Amino acid sequence: VLLPNRYVTSELQIGDTIEIFVYNDSEDRLVATTEKPLATVGEVAFLKVVDKTVYGAFLDWGLPKDLFVPTRNQLMRMDLHKSYPVFIYIDSVTGRVTGTARLNTFIRNEEIELQVGDKVDFLVTTPVNRGFRGIINNKHWGVIYENQLFRNISVGDKLEVYVSKITEDNRIDVTLQQQGFDEVKSASVKLREMLELNGGYMKLN
């Protein structure tokens, strides 16, 4: 696999071990880069459309070659300069890294290996009634409700949250804070740090 000269530093020697990302270049050759994409295969990310053709859209995922999302993989025709949640996978026909906005193909709640209290990643995808819908750990759908929001969040934000409820029909609720005494312990540490930074005094009663 070729690592182009622009990624080769003067310190790099034969026998050194480095971390790279491998993908297909514009001529379908395997090529390596030391740059890190915004997401890799099996992950979901909010990516911006930078070009369009009759065959699909090209999204900026942090590499010289943009990520292709075929027209068949779009819920609606993607607009230039807008961002969309996209799941990244290997196309079984072409063997190329490809994106899809049809998230339900890969994001499911049939089998959940989570428990209440687990700390998880949450990508905010859609405003819903009384909250936001999002993707948990690139695998499951979840919801965070307005009454659990203690700061502003927006579509596209990636958060660390806690599982607060899993219903019998496999719906997952999440919250920004831990439940019960665990959050008390966490908050007490933060309060102590804030007091120490302010010389032991804060304008709170």
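1. Which residue in S11 is the bridge partner of Asp121? The partner of Asp121 is Glu160, and it belongs to a pairing in which strand S8 (residues 119-128) and S11 are joined in the antiparallel sense over five bridges. Strands here are DSSP runs of E with at least two residues, helices are runs of H or I with at least four, and both are numbered from the N terminus; two strands pair if DSSP finds at least two bridges between them.

2. On the basis of the work: this is a predicted model, in which local features need pLDDT of at least 70 and side-chain atom pairs count only at pLDDT 80 or more, while totals for chains, interfaces and linings use all residues. Residues are numbered from 1 along each chain as its sequence is written, and side-chain values use heavy atoms, with hydrogens and water left out.

3. Strands S8-S9-S10-S12-S11 form, in that order, a closed barrel of five strands with mixed pairing. The twist from one strand to the next averages 55°, taken between N-to-C directions of axes that are lines fitted to C-alpha atoms, on a scale from 0 to 180 degrees.

4. With strand S11 (residues 158-166), S12 runs antiparallel and is joined by four bridges, one partner of Tyr162 being Thr175 in S12. The hairpin of S11 and S12 has five residues between the strands, and Asn170 there takes a positive phi near 65°.

5. Both faces of S12 are covered, since Ile172 and Val174 on one side and Asp173 and Thr175 on the other are all buried, that is, under 20% relative accessible area with a 1.4 Å probe and protein chains only, where exposed means over 50% and partly exposed lies in between. By contrast, Leu197, in helix H1 (residues 181-197), counts as exposed because its relative accessibility is 76%.

6. Leu197 lies 45 Å from Arg108 in space, C-alpha to C-alpha, with the two 89 residues apart in sequence.
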